[in-house]
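Here are a few notes to go with your first look at this one. Have the model open while you read.

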Amino acid sequence: MYSDVSSCNTYNYGDALYWDARYVQEAESFDWYQRYASLRPFVRRYIPTSSRVLMVGCGNALMSEDMVDDGYENIMNVDISSVAIDLMRRKYEHMPQLNYMEMDVRDMSFFPDESFDAVIDKGTLDSLMCGGDAPISAARMLGEVSRLLKPGGIYMLITYGDPKVRMPHLTRSIYSWEIVLYAIPRPGFKKPAGSSSNSHLEPVPITETGLLPADFVLDDPDSHFIYVCKKMDETTDPSNISSHPLIADAS
């Protein structure tokens, strides 16, 4: 399990100093990969609005605000950057559904075991995969995510990482996660005229080894992937995690 060398540049995305400097220079809100409107069908299908949600690596994104506007009631946002957290606390001091804490996702021992119904990660694992000691950092973060999830809880990972580079981290037996995979085109992607397409609301097939089938073709070669990981225990029925197509968001 290696770092994402081909997808990284020279920045250490796992370093708080890098992010502090970036948020000082770029105070305007920014959402990695996808906005909530694109992710809403997946979030609403797997995470009830009454859930206690942990947003890891929240940065200065609008995702949590958009979720509150959509009815979510309790979102704890954490980030390694004190600059981002201070900015977001001031911005949302009027919104009691949102809380913000400076925290390294590799050590979230402030929270007791099984504290959350859902954890949402939009680019944070990817950042660690570009940092030093990537496999160790990834294992520490995912171990904390697993510890914090209640049985039956959902870890939703939005990432550029295809199954070849993400499944080795997610399928470790210690996590006991049942995984459903989706692929969603980049914002603004246009399919070539006359080409057939897959619905991004349908789960992507994966082989027994956790890879994409050899004959499966993504509409967008640079699609983002959504891994819906459900924490299992002895009493959890794997059939309860839906692998059926989602309904398009008509709002």
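**Notes on the model**

1. The protein chain exposes about 12,300 Å², and carbon and sulfur atoms supply 50% of that. Accessible areas come from the Shrake-Rupley method with a 1.4 Å probe, and for residues only the protein chains shown count as cover.

2. A word on ground rules: this is a predicted model, where local features need pLDDT of at least 70 and side-chain atom pairs count only at pLDDT 80 or more, while totals for chains, interfaces and linings use all residues. Residues are numbered from 1 along each chain as its sequence is written, and side-chain values use heavy atoms, with hydrogens and water left out.

3. You'll find seven helices and seven strands in the protein chain. These are DSSP runs (H or I, at least four residues, for helices; E, at least two, for strands), numbered from the N terminus. Starting at that end, the order is α-α-β-α-β-α-β-β-α-α-β-α-β-β.

4. Of the chain's 251 residues, 49% count as buried, that is, under 20% relative accessible area with a 1.4 Å probe, protein chains only.

5. Take a look at helix H6, residues 134-148: its 15 residues reach 21 Å from first C-alpha to last, close to the 21 Å expected at 1.5 Å a residue. The expected span is 1.5 Å times one less than the number of residues. Buried residues of H6 include Met 141, Leu 142 and Glu 144.

Key. Buried means under 20% relative accessible area, exposed over 50%, partly exposed in between (1.4 Å probe, protein chains only).
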